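Have the model open in your viewer and the sequence beside it. We'll start at one side chain, and then step back to take in the whole chain.

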Amino acid sequence: MNCPLCERSKNTAEGKYPFLIHEFKNSYLYLGEHQYYQGYCVLVTKDHYREMTDVPSPKREELFQEMMRAHEVIQKVFQPKKMNMCSLGNVVDHVHWHFFPRYESDPNFKNPPWLQMQHFDSAKVSPEKRDELIEILKNAFSSK
Ligand SMILES: [Zn+2]
């Protein structure tokens with residue numbers, strides 16, 4: 001297996017990846033390993049698909065609902081001014097969606113989040129902060 005997101009899914013299923021927030025039927029929602037943007041999360045399909053168009057129906061529609069639910073929960077917890085969602089896959093071609101909550105206080109609010117990516121490593125989340133944010137998000141999933 002040489003896909004890092006397939007590897008992550010396998011580790012998640014075995015309880016070995018501590019960034020899991022929520023398991024959906026078709027995907028996992030993780031807290032991002034950096035929190036340059038507070039509340040940054042990633043939704044990863046459990047199975048390997050290269051493109052969203054490769055996902056068969058009705059899984060495709062279910063996945064869309066999972067994305068929307070993830071969006072709503074992140075929105076509710078962090079209350080950003082705008083959510084930036086993106087799916088690129090040029091680096092890892094396993095369907096995943098980034099959720100970047102954006103705030104008016106961002107250094108470059110009007111620009112795409114990737115323009116700040118050189119700073120992401122400097123914002124790695126500590127294990128304590130990670131667990132705290134995951135707990136808050138998990139609670140938001142369980143309340144309507
Ligand atoms: Zn994969």
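Go to Asn-84 and look at what its side chain is doing: it makes a polar contact with the side chain of Arg-102, at 2.9 Å. Keep in mind as you look that this is a predicted model, so that distance is computed from the predicted atoms. Where along the chain are you? Asn-84 sits in strand β4, which covers residues 82–86.

Now, which residues does Asn-84 touch, once you leave aside anything up to four places away in sequence? Arg-102 is on the list, and so are His-98, Phe-99, Phe-100 and Pro-113. Contact here means heavy atoms within 4.5 Å.

Is its side of things buried or exposed? Gln-79 has 62% relative accessibility, and the cut-off for exposed is over 50%, so it counts as exposed.

Keep going back, through α2 (59–78), and you reach the loop between β3 (41–45) and that helix, with Pro-58 in it.

Time to zoom out. How many helices and strands does the protein chain have? There are three helices and five strands, and reading from the N terminus they come in the order α-β-β-β-α-β-β-α. The radius of gyration is 15 Å, close to the 15 Å that the globule rule gives for 144 residues, so the chain is as compact as a globular protein of that length. Along its principal axes, the C-alpha trace spans about 40 × 30 × 25 Å.

What about the inside and the outside? Buried residues make up 44% of the 144 in the chain. Among contacts with a separation of 6 or more, 56% are between residues 24 or more positions apart. The accessible surface comes to about 8100 Å², and carbon and sulfur atoms account for 52% of that.

Last, the charges. The chain carries 19 positive and 19 negative ones, and their mean positions are 3 Å apart.

Notes. Residues are numbered from 1 along each chain as its sequence is written. This is a predicted model: local features need pLDDT of at least 70, side-chain atom pairs count only at pLDDT 80 or more; totals for chains, interfaces and linings use all residues. Side-chain values use heavy atoms; hydrogens and water are left out. Helices (H or I, at least four residues) and strands (E, at least two) are DSSP runs, numbered from the N terminus. Buried means under 20% relative accessible area, exposed over 50%, partly exposed in between (1.4 Å probe, protein chains only). The radius of gyration is taken over C-alpha atoms; the globule rule is 2.2 Å times the number of residues to the power 0.38. Accessible areas come from the Shrake-Rupley method with a 1.4 Å probe; for residues, only the protein chains shown count as cover. Lys and Arg count as positive and Asp and Glu as negative; His and the chain ends are not counted. The place of a charge is taken as NZ of Lys, CZ of Arg, CG of Asp or CD of Glu. A polar contact is a pair of N or O atoms within 3.5 Å; within protein, one must be able to donate a hydrogen and the other to accept it, and residues adjacent in sequence count only if both atoms are side-chain atoms.
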